[in-house]
Amino acid sequence: MESVVARGGPPEFRRRMERRCSSSSSDSGSVFSDCRSERSDDLALPESPSCGVEPSSLHRFLFSSSGCSDDDIQSLVSDLKSISVESQRRAAMGLRLLAKPSTETRIRIAEAGAVAPLVSLVSHPDPQLQEHAVTAILNLSLCEENKAAIAAAGAVPNLVRALGTGTLTACGNAACALLRLADLTDLPAAIGCCGAIPPLVDLLQKGGARGKKDAATALFALLAVEENAALAAEAGVVRPLLELMADPESGVEDKAAYVLLRVLAAPKGRAAAVDEGGVAVLVDMLEMGSKRQKEVAVLSLLEICEENEAYRMIVVREGAIPPLVALSHSSFRRVKEKAGNAIGCVVARKHGAATVQR
């Protein structure tokens with residue numbers, strides 16, 4: 001994910017991102033595990049063939065994909081183009097299942113011409129069909145060889161549309177598919193330009209536990225681009241991030257903290273964090289968080305106070321200095337160094353400003 005930083009951006013934003021990547025990439029990598037294919041329990045097999053496919057056939061696809069012939073795959077791809085919604089639904093579900101377990105089968109499905117019709121069905125008004133198509137695209141995107149073809153078929157705008165209109169499963173899987181495509185050069189900026197940031201913020205705020213995790217993971221990748229970080233701040237991402245960071249039951253405190261750190265690289269993000277009471281949340285994390293949370297809180301406070309005297313005064317007023325001093329004596333070298341840097345930023349510049357005033 002971090003490779004996006006090297007692709008450009010204004011010098012100040014690039015400097016902030018490079019500093020952050022060098023100091024926190026190993027921890028953030030463990031927080032944001034790569035997006036997965038759908039779980040086996042995501043897809044409940046139907047009790048009746050109302051969706052156009054018998055349960056026995058679904059089990060055959062799910063558990064015997066390695067024995068599926070090229071003719072079977074081609075038949076499903078042909079049915080994607082049927083005038084019957086039931087036939088399309090059956091075909092999309094079958095390809096969704098086939099693409100779950102095997103890289104080889106994902107390649108065979110793409111080579112059979114499934115990508116373009118599946119991308120088209122991602123914007124279909126039938127919610128079940130849309131969900132199957134989105135998830136099939138996600139599963140296909142787990143194969144590196146398929147990503148370029150998926151993007152070239154116009155998947156990004158359709159996946160963004162699914163983020164705002166699909167079922168909860170479709171929304172989460174669309175977020176994961178966009179995350180996978182964000183590995184391609186220039187795609188993070190294009191994804192942001194297509195309008196992905198506001199629905200991802202909405203999913204972060206209103207989704208279930210898994211949807212929040214999917215949204216946070218996608219946002220973390222996309223916000224390595226300054227334009228996307230600014231768009232996220234404008235879309236109101238800071239408040240739900242702070243709420244998740246302050247809620248020990250959310251299960252995404254660490255993810256939210258790392259996403260906030262990326263938002264803070266943009267001036268609008270820093271302003272929003274201060275306006276929404278983010279300094280107090282970060283000070284609480286300094287005092288009561290895990291080692292990882294303390295480290296990312298120190299980095300976030302450093303971003304906030306580095307170039308703004310008014311923000312530094314707020315950091316001092318919210319009580320950041322005592323926990324920073326305590327952390328500067330930590331046995332953990334990285335946390336100790338970063339806490340010392342933050343203290344130096346706040347105290348030295350504060351004294352410098354006072355000297356100038358005298």
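Me: Is the crossing of α3 and α4 left-handed or right-handed?
Reply: The crossing of α3 and α4 is left-handed. In such a crossing the near helix is turned anticlockwise from the far one by less than a right angle; clockwise would be right-handed. Helices here are DSSP runs (H or I, at least four residues), numbered from the N terminus.

Me: What sort of model is this?
Reply: This is a predicted model: local features need pLDDT of at least 70, side-chain atom pairs count only at pLDDT 80 or more, and totals for chains, interfaces and linings use all residues. Residues are numbered from 1 along each chain as its sequence is written, and side-chain values use heavy atoms, leaving out hydrogens and water.

Me: Back to α3 and α4. At what angle do they pack?
Reply: About 140°, with the axes of α3 (residues 70–79) and α4 (residues 85–98) 8 Å apart. That makes α3 oblique to α4. Oblique is what remains after under 35 degrees (roughly parallel), over 145 (roughly antiparallel) and 65 to 115 (roughly perpendicular). Axes are lines fitted to C-alpha atoms over the stretch in contact, and angles run from 0 to 180 degrees between N-to-C directions.

Me: Which residues meet there?
Reply: From α3, Ile73, Leu76, Val77 and Asp79. They meet Ser87, Gln88, Arg90, Ala91, Gly94, Leu95 and Leu98 of α4. Contact means heavy atoms within 4.5 Å. By class, 6 residues are nonpolar, 3 polar and 2 charged.

Me: Now α9 and α10. How do their axes cross?
Reply: At roughly 150°, coming within 8 Å, for α9 (residues 155–165) and α10 (residues 168–181). So α9 is roughly antiparallel to α10. α9 passes α10 in a left-handed crossing.

Me: What does each helix bring to the contact?
Reply: α9 brings Ala155, Val156, Leu159, Val160, Ala162 and Leu163. α10 brings Cys171, Ala174, Ala175, Ala177, Leu178 and Leu181. The contact has 12 nonpolar residues, no polar and no charged.

Me: And α18 with α19: what angle?
Reply: About 145°, with axes 8 Å apart; α18 covers residues 278–288 and α19 residues 291–305. The crossing is left-handed. Among the residues that meet are Val279, Leu282 and Met285 of α18, and Val296, Ala297 and Leu301 of α19. The classes are 10 nonpolar, 2 polar and 2 charged.

Me: Different topic. What lies over the face of phenylalanine 220?
Reply: Arginine 262, at 3.9 Å from the ring centre. The cut-offs for a charge over a ring are NZ of Lys or CZ of Arg within 6 Å of the ring centre and within 35 degrees of the ring normal.

Definitions and conventions:
Helix = DSSP H or I, 4+ residues; strand = E, 2+ residues; numbered from the N terminus. Nonpolar A, V, L, I, M, F, W, Y, C, P; charged D, E, K, R; others polar.
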